[in-house]
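Hi,

Here is the structure I promised to pass on. Have a look at it first, and my notes on the ligand and its surroundings follow below.

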Amino acid sequence: MVTIAIYPGSFDPVTLGHLDIIERACKLFDRAIVAVLCNPQKTPLFTVEERIEQIKISTQHLKNVEVDSFNGLTVEYARSQNAKVLLRGLRVLSDFEKELQMAHMNKTLSNEIETVFLATSTEYGFLSSSVVKEIAKFGGSIEHLVPQHVALKLYQCYAQTPPGNT
Ligand code: PNS
């Protein structure tokens, strides 16, 4: 049986923490689908198309990754892809409550789909897309937090010059 894992999220933008989870998922599952949520309730910095492009560039060295977008319920999207696993990264204790609630809720919606949590690697335990955006907005260094092509896009968005290029 082929095991397909869906890794859903906003990815606004993708960080090295997300990529760490994706790389590890590729070793655990036959296929990993990174699924970018089109969420009309949020005003993202990057469009869905831009985020998909950023993730595709960042994962081109991985053979069993696909990048897609979805609307609506994650479990419905997982079903449409014949996936039995929803993958989420866990960083700190404060993630746990929200993630556990989401896992329980998804289980009530679709009993055959399991949520699998991967503990974020220690060096990315503090990292989030929001923190990266905040640092980039003020021209701080983010090269150790996101892929270089994403860092350049962030500095462009905020009309900042990358540190060291002044
Ligand atoms: O990267 P994020 O923003 O933490 O990802 C959250 C995401 C996209 C996984 C979550 O909001 C989600 O699954 N949204 C789709 C709607 C849904 O299925 N809701 C029910 C889960 S309680």
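In this predicted model, an oxygen atom of the ligand is 3.4 Å from an N or O atom in the side chain of Lys98, which makes a polar contact (a pair of N or O atoms within 3.5 Å). Arg88 has a polar side-chain atom 3.0 Å from a ligand oxygen, and for the side chain of Ser10 the distance is 2.6 Å. The protein buries 74% of the 550 Å² that the ligand exposes when taken alone (Shrake-Rupley areas, 1.4 Å probe).

Around the ligand there are 13 residues, counted if a heavy atom lies within 4 Å. Ser10, Leu73, Thr74, Arg88 and Lys98 come nearest. Helix α4 (93-109) gives the largest share of this shell, 4 residues. (Helices are DSSP runs of H or I with at least four residues, strands are E runs of at least two, numbered from the N terminus.)

The ligand sits in the largest pocket, meaning that more than half of its atoms lie within 2 Å of the pocket's grid points. A pocket here is an open set of points on a 1 Å grid over the protein atoms alone, where a 1.4 Å probe fits, with protein on both sides within 12 Å along at least five of seven lines; lining residues have an atom within 4 Å of a point. Its volume is about 1200 Å³, the space filled by probe spheres set on the points, which are joined across faces, edges and corners. α4 also gives the largest share of the lining, 8 residues.

Residues are numbered from 1 along each chain as its sequence is written, and side-chain values use heavy atoms, without hydrogens and water. Local features need pLDDT of at least 70 and side-chain atom pairs 80 or more, while totals for chains, interfaces and linings use all residues.

Cheers

Definitions and conventions: A polar contact is a pair of N or O atoms within 3.5 Å; within protein, one must be able to donate a hydrogen and the other to accept it, and residues adjacent in sequence count only if both atoms are side-chain atoms.
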